[in-house]
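Thanks for coming, everyone. Please take a look at the model on the screen, and I will walk you through it.

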Amino acid sequence: MAANGGRGCAGCEAAPWAELTAEMRRIKCAAELSYGTLAQRTHYSRSSWERFLNQKQLPTRIAVEQFAAASGQDPRPLLIRLEHSLAHESAARATAGAPAPAPGRHGDGRHIAVRHVAVRQGGVHHGGVRPLGLVVAGALLGGLAAELTRAARLHRPR
């Protein structure tokens, strides 16, 4: 991770993560959404949205998809920016000499773990290590919960 938390460098273009969060904040403002409204429309908390939109934590793919749905936007442009952000962060880790997390399994079939990283002012905070299966299951359950909530809202008697 770059020492500046992925926010760009002197003489460089803005880092992809900064561009992603700036675009998400622009959409949030244009759609007149509060953090509380985002929390109600997605399975992420108000504080999670504050971290995502203030570049304290890189959002997940599911968070970006739910953000787009909550704001009535096409998720594809945001997902492209997220992919660029992930690639940029991975390259920054590689440049700093830290091993980039590898998806999937080790060559011998053992499960690997996914490390959740939250950027804090002044450095990187490494959260707990979670098995990849739990991360995927949580993401799927979160997406299902969001879809069920959306369906319930659509079929609610008026």
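First, the ground rules. This is a predicted model, so local features need pLDDT of at least 70, side-chain atom pairs count only at pLDDT 80 or more, and totals for chains, interfaces and linings use all residues. Residues are numbered from 1 along each chain as its sequence is written, and side-chain values use heavy atoms, with hydrogens and water left out.

Now the layout. The chain has 6 helices and 2 strands. Helices here are DSSP runs of H or I with at least four residues, strands are runs of E with at least two, and both are numbered from the N terminus. Starting at the N terminus, the order is α-α-α-α-α-β-β-α. Of the 158 residues, 27% count as buried. Buried means under 20% relative accessible area, exposed means over 50%, and partly exposed is in between, with a 1.4 Å probe and protein chains only. Next, contacts, meaning heavy atoms within 4.5 Å. Take those with a separation of 6 or more: 47% of them join residues 24 or more positions apart.

On to the core. How many residues are in the largest nonpolar core? It has 20, and Met 24, Leu 38, Trp 49, Phe 67 and Leu 78 have the most contacts inside it. By nonpolar core I mean buried Ala, Val, Leu, Ile, Met, Phe, Trp, Tyr and Cys residues joined through side-chain atoms within 4.5 Å. Two or more residues each come from α1 (16–30), α2 (35–41), α3 (46–53), α4 (61–71) and α5 (75–95). Helix α4 gives the most, with 5 residues.

Look at Phe 67. Not counting residues up to four places away in sequence, Phe 67 touches Met 24, Ile 27, Lys 28, Leu 38, Thr 42, Trp 49, Leu 53 and Leu 78.

Ser 71 is also in α4. Buried or exposed? Ser 71 counts as buried because its relative accessibility is 11%. Beyond its neighbours within four places, Ser 71 contacts Ile 27, Ala 31 and Leu 33.

Next, helix packing. Helices α4 and α5 pack at about 155°, with axes 9 Å apart. Axes are lines fitted to C-alpha atoms, for helices over the stretch in contact, and angles run from 0 to 180 degrees between N-to-C directions. So α4 and α5 are roughly antiparallel. The cut-offs: under 35 degrees is roughly parallel, over 145 roughly antiparallel, 65 to 115 roughly perpendicular, and the rest oblique. From α4 come Arg 61, Val 64, Glu 65, Phe 67 and Ala 68; they meet Pro 75, Leu 78, Leu 79, Leu 82 and Glu 83 in α5.

The other pair is α1 and α3, at about 125° and with axes 9 Å apart. That angle is why α1 is oblique to α3. Here Thr 21, Met 24, Arg 25 and Lys 28 in α1 meet Trp 49, Phe 52 and Leu 53 in α3.

Last, two loop residues. Most residues other than glycine have a negative phi. Glu 32, in the loop between α1 and α2, has a positive phi near 55°. Gln 55, in the loop between α3 and α4, also has a positive phi near 55°. Glu 32 is exposed, at 72% relative accessible area, whereas Gln 55 counts as buried, at 6%.
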